[in-house]
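Me: I would like to see how the labels on this structure follow from their definitions. Could you take me through a few?

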Amino acid sequence: MLKEKLQKFFKLDRRWIFLLLAIVLFAPIIKPIGLPNKTISRDVQNAYTYMDTLAPGSFVLFSLDYDPSTRPELQPQAIAMIRHAFQKNLRVGVVTYIAGATGLIQQAFEKVPKEYNKVYGKDYVIFPYMANAVAVLTQMSSDFYGIYDKDQDGTDARTLPVMQGIKNYKNMALVVNITGTSMLDIWVAYVGDKYKVPVIGGVTAISQPGYGPYLQTGQLKGLIGGMKGAAEYESLIKQPGKGTSGIDSLNLAHLLVLALILTSNIILLIIKYL
Amino acid sequence: MKLIKKQIPLAIVFVFGVLTLISYYIPHKKSVDFMEMMNKWENIVAAFAFFLGLISLFYSHYSKIARKVDGWGYSLFVYIGFLAMVVPAIYCHGKQMDAAGKTALGWSFSFIYNPLSATMFAILAFYIVSTAYRSFRIKSLQAFVLFVAAFILILGKVPLGQIIWTSVLGWTGAGVDQVIDWIMSYPAVAGKRGIMIGIAIGAVVTSFKIIFGIERQYMGKD
């Protein structure tokens, strides 16, 4: 009798689980719990330290390769790192190889530069979307302007003050790639390793474990993973943003997954030995 | 005919495959210039491939609408979605912002593309949670090990999990961060490195097979 009752749990309509998840995700947005983010992971700390020790005026190339599907995890990472770069008075160049990223880049740069009184063309520049990343990355190794001769507004890139002294990767202090695709592997293989350019990555939480080998060998100087990584970086630069505010929902959703797996397996054990 | 359809393409692949491979290892201006030229060609060919892909997509959905197959209404949205982004993009010369604020393209990106793309991905979360409940069964030792590793990783990734770990397992002296670091630095890296080496060797072998004309599937059936 009990066995039959328990078996009903496995036939539970999936829409109840959907509803439970929706509640778990929405409740903290309406009423934040405000749990503190106590720990900073080693890889996020390394990313922060590397960026923090760059000399003012160094050129950092941001490759922002994500679209709205991974925006909640990756846009906070990008904003936190751009803020850090501006705090340190670094020069910022932005490229992308994902067409859907152009609007998100626009949204990020509408707001962040104003916070630090940064001027387009002098302190930062945004380049247009390019297809075929491997070919573009290879081309940039010899002559950056062979591919990016104009910025997103059609201005000659060579004439922009922010680009003074930049010809190829040798003149760049750091490449930051934030991506929801395999672009980080391409940056490491075609640029980081071959031209000895330091690379820092920002990826979704689900793909974070796959970059362990690059971190161990120093091919990546640091890595930010998912919304938690964004929240950690925000706490390091002391500017809470969307990463920090999203942590509550993340907390409860993760625990819900664990609770569901545990529940189903405990029920399975009871049925087996009953 | 055999010369045009087989031998010339194979010769082109061989010559340019070998030249590109050699250029990678020769730091000379000539090889750099050659690589630059190849990159430009590749971009031009990719643009044509993109255009062909678009025509193929439109044709495939047009035939679905014309034959009124099941779900043909969804095919209409391919055209609607395309026009909703492309027409504003042409009209605004690709600019999402101007002095007056958001352009029509900026509006389409923010209020059509952005929410649609985010919704598609967000739906996955619901299916993952539902599948975790219905399908993750610990029926073997391997499944148990996987579960323990996943349990610790999920717990350690969120502050609430870290608090739970400290209050339940704090007496062990091992922080959840240390345990996660160990899992990520040893078993996870070992597995991932093995996969990466395997993929790299496979890619090298396949490339050689294509260069030397052993692998010819890219040429089609004729």
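Reply: Happy to; here is how some of the labels come about. This is a predicted model, where local features need pLDDT of at least 70, side-chain atom pairs count only at pLDDT 80 or more, and totals for chains, interfaces and linings use all residues. Residues are numbered from 1 along each chain as its sequence is written, with chains lettered from A and ligands numbered from 1 in the order in which they are written.

Me: What makes strand E1 of chain A largely enclosed by the rest of the structure?
Reply: A residue is buried if 20 or more other C-beta atoms, placed from the backbone, lie within 10 Å of its own. Six of the seven residues of E1(A), residues 59-65, are buried, so the strand is largely enclosed. Strands here are DSSP runs of E with at least two residues, and helices are H or I runs of at least four, numbered from the N terminus.

Me: How do you know that E1(A) and E2(A) pair?
Reply: Pairing requires that DSSP finds at least two bridges between two strands. E1(A) and E2(A) (residues 91-95) have five, in the parallel sense, with Val60(A) opposite Val92(A).

Me: Why is the unit of E1(A), helix H4 of chain A and E2(A) called right-handed?
Reply: The word applies if, with the strands pointing away from the viewer, the path from the first strand over the helix to the second runs clockwise. The β-α-β unit of E1(A), H4(A) (residues 71-87) and E2(A) is right-handed.

Methods. Buried ≥ 20, exposed ≤ 12 C-beta atoms within 10 Å, placed from the backbone.
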